[in-house]
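Colleague: Please walk me through this model, one step at a time.

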4 protein chains.
Amino acid sequence: MISTAIINVTSYTGLELLRLLAQHPQLKVTSVTARSLAGKTLVDVFPQLQALAATTAIDPTMVIAEEPAQTDLAFVCLPHAAAAEAVVRLLERGTKVVDLSADFRLHDVAVYEEWYKHTHPAPALLESAVFGLCERYRERIAGASLVASPGCHSTTAILALLPAFARDIVEPDVIVDSKTGISGAGRGLTLGTHFAEANEDMSPYSVGGHRHMPEIKQELLAAARDGGHALSDIRLTFLPHLVPMTRGILATCYATLAPGAVEKSLSSEALVELYREYYAGEPFVHVVDQPPHTKWAYGSNHCFIYPTLDARTGRLIVMSCTDNLVKGAVGQAIQNANCMLGWPESLGLAGAGVNP
Amino acid sequence: MISTAIINVTSYTGLELLRLLAQHPQLKVTSVTARSLAGKTLVDVFPQLQALAATTAIDPTMVIAEEPAQTDLAFVCLPHAAAAEAVVRLLERGTKVVDLSADFRLHDVAVYEEWYKHTHPAPALLESAVFGLCERYRERIAGASLVASPGCHSTTAILALLPAFARDIVEPDVIVDSKTGISGAGRGLTLGTHFAEANEDMSPYSVGGHRHMPEIKQELLAAARDGGHALSDIRLTFLPHLVPMTRGILATCYATLAPGAVEKSLSSEALVELYREYYAGEPFVHVVDQPPHTKWAYGSNHCFIYPTLDARTGRLIVMSCTDNLVKGAVGQAIQNANCMLGWPESLGLAGAGVNP
Amino acid sequence: MISTAIINVTSYTGLELLRLLAQHPQLKVTSVTARSLAGKTLVDVFPQLQALAATTAIDPTMVIAEEPAQTDLAFVCLPHAAAAEAVVRLLERGTKVVDLSADFRLHDVAVYEEWYKHTHPAPALLESAVFGLCERYRERIAGASLVASPGCHSTTAILALLPAFARDIVEPDVIVDSKTGISGAGRGLTLGTHFAEANEDMSPYSVGGHRHMPEIKQELLAAARDGGHALSDIRLTFLPHLVPMTRGILATCYATLAPGAVEKSLSSEALVELYREYYAGEPFVHVVDQPPHTKWAYGSNHCFIYPTLDARTGRLIVMSCTDNLVKGAVGQAIQNANCMLGWPESLGLAGAGVNP
Amino acid sequence: MISTAIINVTSYTGLELLRLLAQHPQLKVTSVTARSLAGKTLVDVFPQLQALAATTAIDPTMVIAEEPAQTDLAFVCLPHAAAAEAVVRLLERGTKVVDLSADFRLHDVAVYEEWYKHTHPAPALLESAVFGLCERYRERIAGASLVASPGCHSTTAILALLPAFARDIVEPDVIVDSKTGISGAGRGLTLGTHFAEANEDMSPYSVGGHRHMPEIKQELLAAARDGGHALSDIRLTFLPHLVPMTRGILATCYATLAPGAVEKSLSSEALVELYREYYAGEPFVHVVDQPPHTKWAYGSNHCFIYPTLDARTGRLIVMSCTDNLVKGAVGQAIQNANCMLGWPESLGLAGAGVNP
């Protein structure tokens with residue numbers, strides 16, 4: 001068993017880690033921390049966790065500490081900046097880290113500082129940190145001490161567009177219209193996440209620019225480069241929307257076919273095949289040939305992707321669904337940990353979404 | 001008082017007409033029809049309507065007939081094709097008609113037949129039928145006998161994009177990513193509208209092409225032409241999505257600024273002003289300078305539009321919200337009737353959305 | 001026109017007053033107040049209200065003041081204790097007041113102080129304040145300067161049980177299992193009303209005792225007394241539950257038939273008739289003979305009541321539905337104001353619920 | 001591995017069995033049937049199940065048959081009457097059966113026929129069938145060939161009231177006000193489960209009598225008898241309500257304390273202790289000392305029970321929450337199968353609810 005800490009366990013990602021790690025055969029939670037609720041037990045904060053006592057290895061009476069005990073592995077669920085500081089300390093004591101914040105996702109410090117509006121707390125670590133998308137970087141993740149798990153919108157959009165950029169079938173001009181359930185906004189109270197406001201409502205947000213955009217761009221540029229056709233930039237519009245549901249992301253991506261693909265008269269069927277071939281063998285990415293539903297992924301680590309062509313305009317449309325708290329956050333973090341530790345990526349993550 | 005018939009009253013648009021006409025000072029419902037439930041009373045089908053008895057002019061014990069009685073005005077809530085047949089008969093007896101179906105929205109019979117897959121039942125009427133968007137055609141509606149009220153997605157998207165096409169600030173290359181509440185699918189039972197399937201779920205639909213697309217294209221082309229810069233075509237992608245809420249449409253529209261607008265360095269503020277000036281004096285279209293919420297329009301005839309520029313890409317993004325059953329259907333139909341009868345367009349339609 | 005103030009307009013009841021008064025032909029909002037947001041305009045706080053500008057008499061650019069201007073009438077939307085203090089000042093300057101707080105609902109100061117845990121700020125007013133249920137006290141309301149509009153749970157439960165207590169058909173032993181939409185908790189942010197917590201969840205609350213209980217008991221005792229059979233007390237259990245919807249209350253009430261009713265072999269049909277006779281002529285109370293739906297009342301001032309007998313146990317079961325923000329709060333407050341001013345009670349309140 | 005059949009796999013209970021059995025280490029699904037969709041594969045009916053292929057033992061391309069193959073175990077998900085016929089055939093070929101229908105829950109044929117309005121298809125099996133509540137009958141279930149898994153409302157209410165009846169602390173006069181998510185109504189399409197009708201709505205149903213009532217009464221009488229104080233009957237009112245959420249049941253149970261409990265001045269704390277002692281060691285029943293939330297159980301086999309006293313009336317109130325599809329149906333069925341096969345009851349069922 002690998003001893004494991006959850007840093008900032010009182011967040012939604014912390015709670016979801018407890019749920020998923022309760023099913024994991026090799027990761028044992030031995031330390032949990034939070035700043036404001038230190039001294040409380042898990043069950044004080046989340047009464048429902050007493051259900052874990054009888055049938056899992058999680059101890060719901062575990063006391064929440066201010067600082068983590070020494071463990072082999074840690075999941076960091078802190079906001080950006082605070083996360084980087086915790087990561088530095090954890091690495092110093094030899095703990096492997098999966099960081100769920102944005103602090104180590106962007107390779108370019110200048111881009112980070114432009115979007116996050118503060119000096120990066122640990123730029124020296126950016127070189128060794130690996131972007132935690134196993135579908136792209138599993139070899140590098142396997143040897144890493146620090147993995148930066150991508151954001152929920154980013155994961156969903158990047159998986160949707162990777163094959164298109166890797167195989168050079170689209171022009172570098174993309175719109176990602178993303179729709180997310182409200183748990184993505186976290187456990188902090190705001191008027192926009194107040195039930196009476198958010199229920200029966202839909203609205204765009206972060207219209208001036210959302211922080212997941214540079215992650216998406218970085219990874220699509222990398223996919224093109226690794227596919228042998230480097231691009232200088234991508235004209236990327238990313239706009240998220242809030243949907244009255246708890247979990248789930250649907251990214252609808254629009255791009256124009258590259259001339260090469262048009263010349264070859266790429267069909268929708270051939271497109272699905274290209275995607276299937278790209279993701280062959282992936283345990284969690286499923287290319288489908290019908291419109292996907294966010295609910296298919298509810299509570300699971302799966303991603304469903306439907307690429308198609310809009311015959312009238314020659315546009316590529318790719319629809320991609322995940323659970324924002326699982327493949328978009330915690331499930332992917334565990335997948336990364338599995339990969340770092342040399343285990344099958346699906347260890348403790350198998351199973352279908354909760355339907356209906 | 002103008003005697004009024006509701007054809008196919010047992011639909012959701014029929015029910016919503018009863019609710020709104022109960023507040024109307026000049027339109028009196030004197031005839032209601034439906035095919036399958038003829039012989040029943042309104043209150044047999046909709047028990048909640050007994051609330052109308054004491055305080056409104058609607059009689060909830062009115063018997064649903066197979067055929068309409070003679071009235072001055074009729075709202076036709078039938079599906080396409082059936083609607084056209086009813087419209088012909090109503091016009092023959094001198095009844096003014098607001099048709100909520102798609103039968104008379106498209107001016108080009110060939111386009112209609114391509115999208116609706118059957119021969120148009122009354123092509124001779126296409127010439128005189130007026131597209132029922134008062135914000136564009138109120139002079140022609142005022143003299144019309146037959147007004148074709150636009151679809152819910154169409155209304156929301158057309159209002160979002162009219163100023164841009166009329167004022168020639170965008171290229172004819174547009175994506176409309178539309179999100180609708182589930183009442184838009186009507187009262188017919190399907191697995192996709194079964195609560196346990198649709199709740200906590202979001203999904204695209206009609207990916208191969210939705211019938212509101214040609215309406216949108218027709219009207220944007222007309223706006224450009226009437227604005228003095230005729231276009232040959234628009235490369236328009238329209239993709240609707242189902243959202244787990246009962247009412248509301250949010251259309252997010254993406255377009256590229258035309259070179260002229262770029263040269264003038266059009267700002268977001270100037271854009272909002274351009275839109276405000278275009279819609280000056282409109283009772284139901286409100287240009288806002290923040291992301292709109294579908295709930296703002298809940299139960300009302302209002303449309304909220306937020307046009308902005310994506311500074312990084314130079315794209316125009318326009319977000320537009322309506323209630324699909326009101327401005328997207330029944331409220332607009334009454335607005336059209338008011339206009340046909342020479343009354344203020346907002347007669348019986350005033351008031352804010354139901355919030356929270 | 002009667003000049004009208006809304007005290008604490010930034011609450012949900014304040015917002016709903018604006019929506020409903022925008023439709024009212026005789027009440028003109030000329031003053032709005034709030035403590036924390038004084039200096040802002042209505043549209044600063046509620047952007048959707050700009051829709052009121054073109055078609056109603058409400059001016060969305062009205063500035064929110066700290067203190068109300070002199071008006072003929074005021075609706076007080078403050079929390080208890082603060083409400084009483086405002087009421088005193090308003091009455092002193094000759095303003096008629098409808099108070100939506102609990103401060104003047106209970107006739108017995110001791111009961112008030114037991115449940116609200118503070119000294120009553122204005123006990124001298126209790127004598128002249130009238131409990132604002134027009135269905136019971138319209139004669140007294142007509143002459144009153146201060147009307148205390150009842151709570152949402154109270155209204156729904158009292159209307160359900162009044163005929164049974166007035167006509168002496170039940171024993172004084174009642175359970176009210178009440179279920180409410182989440183807007184009843186107000187606009188203040190709490191974890192329990194955070195969307196991700198409240199959605200897809202149901203839970204009881206205030207299990208140790210909810211403050212609407214003494215209102216219900218007071219009114220049922222009064223109904224029995226006025227019906228000619230005074231009771232010393234009622235063994236009343238009242239338990240509210242939170243339901244994942246924005247609006248609506250369903251009160252399910254259980255009681256045992258009194259021996260007299262059993263002797264007469266009261267049938268379910270006779271029971272419905274007894275209720276219909278009791279509520280004959282009421283514009284807003286509708287006795288139905290099938291299970292009611294909260295949605296029937298959505299956005300309207302109506303109450304739907306279904307009384308029936310559980311044949312196997314001889315229990316009376318009464319199900320009652322309202323919109324907690326309308327008949328449960330603001331609609332009823334306007335109904336009271338109409339009554340105070342000698343107008344038809346339904347003035348500005350006509351119309352059906354928003355369905356679907 | 002035990003070969004396992006799912007009879008009527010296209011129901012929601014069939015789908016949920018696939019999800020949960022995909023996690024089970026000893027039960028292998030080798031046969032699936034359905035009447036109307038025979039010949040299709042699982043993934044034809046439920047596209048999301050392709051996610052099971054890579055990481056679980058369920059084969060999503062398995063063909064749905066009309067008749068089951070020979071297996072060691074079968075879960076029967078058919079409606080009543082059809083279920084009994086299938087059970088007879090399965091038992092004849094030596095298959096152990098967990099029946100999720102009501103056909104073998106009631107010991108008294110006359111009661112069954114009164115409530116289900118048809119002749120019982122296999123009354124001879126009633127003697128040997130065991131009521132599938134492990135918390136009560138695990139010894140008998142361990143040796144059984146046929147286990148009748150209880151209904152969702154029944155399970156939730158019986159678990160809430162068993163300790164009270166077993167320990168003789170209440171009078172035989174009980175009200176169960178039960179609230180259920182909409183998946184309990186199954187996958188069949190009805191207007192009442194149409195999203196636009198059911199969303200933002202709450203309503204009672206089966207007011208004239210619900211079929212889960214006799215199950216509850218049977219088991220509470222048995223608990224009293226086995227506790228040493230036989231009752232002749234219970235005056236039981238059971239009323240279910242539909243709540244706009246997919247999963248979850250909350251049963252609020254009201255009873256009057258028996259004189260013996262009153263004499264001993266039973267406190268709320270002592271009550272919680274009595275319940276904790278009664279359920280000591282149970283893996284899935286958790287006695288809590290605060291109002292429970294249905295969401296705590298979402299997707300899990302847990303039941304949360306909060307017993308308390310209403311000090312003002314001396315009433316016992318017990319609130320009980322389950323997921324209607326798990327502990328209320330499929331999870332309990334697997335728990336029964338585990339028990340029949342001599343395994344730990346929680347095998348394949350461990351883990352917390354999906355929160356938020």
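**Axes, copies and helices**

Colleague: Which residue of chain B comes closest to the rotation axis?
Modeller: Start with how chain B is laid on chain A: a turn of 180° and a shift of 0.0 Å along the axis give an RMSD of 0.0 Å, superposing C-alpha atoms of residues with pLDDT of at least 70 in both copies. Judged by C-alpha, the residue of chain B closest to that axis lies at 3.3 Å, and this is Pro244(B).

Colleague: What kind of model is this?
Modeller: Residues count from 1 along each chain, chains are lettered from A and ligands numbered from 1 as written, and side-chain values use heavy atoms without hydrogens or water. Local features need pLDDT of at least 70 and side-chain atom pairs 80 or more, while totals for chains, interfaces and linings use all residues, since this is a predicted model.

Colleague: What percentage of the interface residues of chain B are also interface residues in chain A?
Modeller: Contact here means heavy atoms within 4.5 Å. The copies meet through the same surface, because the share of chain B's interface residues that are also interface residues in chain A is 100%.

Colleague: Are H6(D) and H8(D) roughly parallel or roughly antiparallel?
Modeller: H6 (residues 152–166) and H8 (residues 212–226) of chain D have axes that come within 9 Å and cross at roughly 25°. H6(D) passes H8(D) in a right-handed crossing, and the residues in contact include Leu161(D) from H6(D) and Leu220(D) from H8(D). With angles under 35 degrees counting as parallel, the two helices are therefore roughly parallel.

Colleague: How many nonpolar residues does the contact of H1(B) with H12(B) have?
Modeller: In chain B, H1 (residues 12–21) and H12 (residues 326–340) pack at about 50°, with axes 10 Å apart, which makes H1(B) oblique to H12(B). Their crossing is right-handed. Among the residues that meet are Leu17(B) in H1(B) and Ile334(B) in H12(B). Two residues of this contact are polar and two charged, while the nonpolar ones number seven.

Notes:
Axes are lines fitted to C-alpha atoms, for helices over the stretch in contact, and angles run from 0 to 180 degrees between N-to-C directions. Helices (H or I, at least four residues) and strands (E, at least two) are DSSP runs, numbered from the N terminus. Angles under 35 degrees count as roughly parallel, over 145 as roughly antiparallel, 65 to 115 as roughly perpendicular and the rest as oblique. A crossing is left-handed if the near helix is turned anticlockwise from the far one by less than a right angle, and right-handed if clockwise. Ala, Val, Leu, Ile, Met, Phe, Trp, Tyr, Cys and Pro count as nonpolar, Asp, Glu, Lys and Arg as charged, and the others, Gly among them, as polar.
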